[in-house]
Structure formats: C-alpha cells, structure tokens
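Trainee: I would like to learn how to read strand pairing, helix packing and salt bridges in a model. Could we go through one together?

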Amino acid sequence: MEPVSMEDQHARVPALEPFLVEQVAPPVIYYVPDFISKEEEAYLLRQVFNAPKPKWTQLSGRKLQNWGGFPHPRGMVPERLPLWLQRYVDKVSDLSLFGGLPANHVLVNQYLPGEGIMPHEDGPLYYPTVSTISLGSHTVLDFYKPRRPADGDPTEQPLLPPMPATSLLLEPRSLLVLRGSAYTSLLHGIAASGVDELDATSLPPNAAACPSAQPGARLVRGTRVSLTIRRVPRVLRAGLLLSK
C-alpha cells in the first residue's frame, strides 16, 4: 500500500470515516449509500425536471443546470439557491467538507443512457472537494492518473492511460465525496455506455456498499441526474464585478 500523503491525512473527514473507500489509498474517497431516501430522490427529480427551460444548457453528451452563480477566475457573483436545493446543500455542508464554510454552488447534470463525460478535473475555482448525489440511475465513475508526455514538454496536455486506475459504482441516492489527491491528482470521467458489466473477478472497491454490485452483473443505465455540490471560495458582489 502506498504511503498516505500529508495532503490526504488532512483531507480525512471524521464524520465520514465509516464510508471511506478502501483499496484506493492514498486518495480520500468516501461513498455513502442511501444518503437520501427514495421519497427525497423522487422529490428532487421532480424539481429538476420542473425547472424553467432556459435553466438548461445543452452540451455534447449531457445537459446541465447551474445554480448559485457562475464560477469565474475573478470570482462568482452569487445567486440565492432555491429552497429545494438549499436543504441538500445544507445537509452536505453539515459534514464539514468545505473548511467549515457552506457549499454555495450546485451543478445539475442529466445523462441519458449512453451518455458520459470525458475525464477531467474540477480545477482551482472550487474548494478542493467535490460532493455528488446521484439520482435516477446508477453509473460507473472512472479515475485516471494522467501521465506527462514522454518528451517532458510542460505545455503538452497530460496523457491518459488506456485503462482507468480504478472505477466506482455509483448507485441512486448515494453520496460521493472526493478530497485530497483524489481531487488534485486524479481525473474522473464516465464512459459513454448504456450497459455496465461487472467483472466477476474484479468488482469495484466500493462493491460491499452497493447491493447491485454482484459478480457478473449486467447493469443497464437509465436516465441519471447528478447534483454536484461544491464551494466557490472567491465570491464577488455584482457591483464589484461590473466596475472592473
């Protein structure tokens, strides 16, 4: 087992230690099954799909809603979160994930069966923790350790290995938390697939917390909605941004 870095030691969350995903050390990854109830899931899905059409942004492979403001390198002009989201932002913030301060931004992503997202990092605009509640369907989240180009040119984009370093099964109503080097050093993405077949000899590291993670299971994806709850540390007043 690799030694745990100081970054990951400080990233541990006492309240979530029972949910630490083992076998992926040193990154700090927590997976909490049934973080919300089936009734809460149904309520959140209704609110998401009842949002005004202009709230949706269509991207290649998914569409999204942005709540709380638009993160920007100069700072985010905050917008009040709707009450249906604020309750769950508070529930996540109460875990003390964001340095004792509350989360203030939510990205709602909708993935249809067969849609995914390229491996990416969330970047420096956010406090180095990402928390995600899954709704409606499972998915498989892949993690990659990017490699630098062989010639050492720092301007070249990091290369991805052909296979992920590890993958987690995310079931509906679960909470995923990435901190420490899981946030700063790994890329995460979702393959564009409609079916996830679990290798009978190599189940995901969080399989013990996932009832559907059975050897040889063939899991068909439905429409999945994710609530990505984060904190943008740099917040501006509208007047300050407009005066620049």
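Trainee: Which residue is the bridge partner of Phe143 in β10?

Mentor: Start with the terms. Strands (E, at least two residues) and helices (H or I, at least four) are DSSP runs, numbered from the N terminus. Two strands pair if DSSP finds at least two bridges between them. Here, Phe143 has His188 of β10 as its bridge partner. The strands concerned are β7 (residues 139-144) and β10 (residues 187-190), which pair in the antiparallel sense over three bridges. This is a predicted model: local features need pLDDT of at least 70, side-chain atom pairs count only at pLDDT 80 or more, and totals for chains, interfaces and linings use all residues. Residues are numbered from 1 along each chain as its sequence is written, and side-chain values use heavy atoms, with hydrogens and water left out.

Trainee: What is the strand order of the open sheet of four strands?

Mentor: Read β5-β10-β7-β8, with antiparallel pairing. β5 (117-120) and β8 (166-170) are the edge strands, and each pairs on one side only.

Trainee: What is the order in the open sheet of seven strands?

Mentor: That order is β1-β9-β6-β13-β4-β3-β2, again with antiparallel pairing. β1 (28-32) and β2 (56-59) stand at the edges with a single partner strand each, so one side of each has no neighbour in the sheet. Neighbouring strands are turned by 20° against each other on average, direction ignored.

Trainee: Which strands does helix α2 touch?

Mentor: Contact means heavy atoms within 4.5 Å. Helix α2 (residues 38-49) packs on the sheet and touches β2, β3 (62-67), β4 (105-111), β6 and β13. The direction of α2 makes about 90° with that of β13. Helix α3 (residues 83-93) also packs on the sheet, touching β3, β4, β6, β9 (175-179) and β13. For α3 the angle with β13 is about 60°.

Trainee: How many salt bridges does the structure hold?

Mentor: A salt bridge is a side-chain nitrogen of Lys or Arg within 4 Å of a carboxyl oxygen of Asp or Glu. The structure holds seven. In one of them, Glu41 meets Arg173 at 2.9 Å, N to O. Glu41 sits in helix α2 and Arg173 in the loop between β8 and β9, so the pair ties together parts 132 residues apart in sequence. Asp34, Glu41 and Arg173 are linked in a network of salt bridges.

Trainee: Are Glu41 and Arg173 buried or exposed?

Mentor: Buried means under 20% relative accessible area, exposed over 50%, partly exposed in between (1.4 Å probe, protein chains only). Both Glu41 and Arg173 are buried.

Trainee: Where do Asp122 and Arg230 lie?

Mentor: Asp122 is in the loop between β5 and β6, and Arg230 is in strand β13, 108 residues apart. Their salt bridge has its closest N and O atoms 2.9 Å apart. Asp122 has a relative accessible area of 14%, so Asp122 is buried. Arg230 is buried too, at 5%.

Methods: Axes fitted to C-alpha atoms, helices over the stretch in contact; angles between N-to-C directions.
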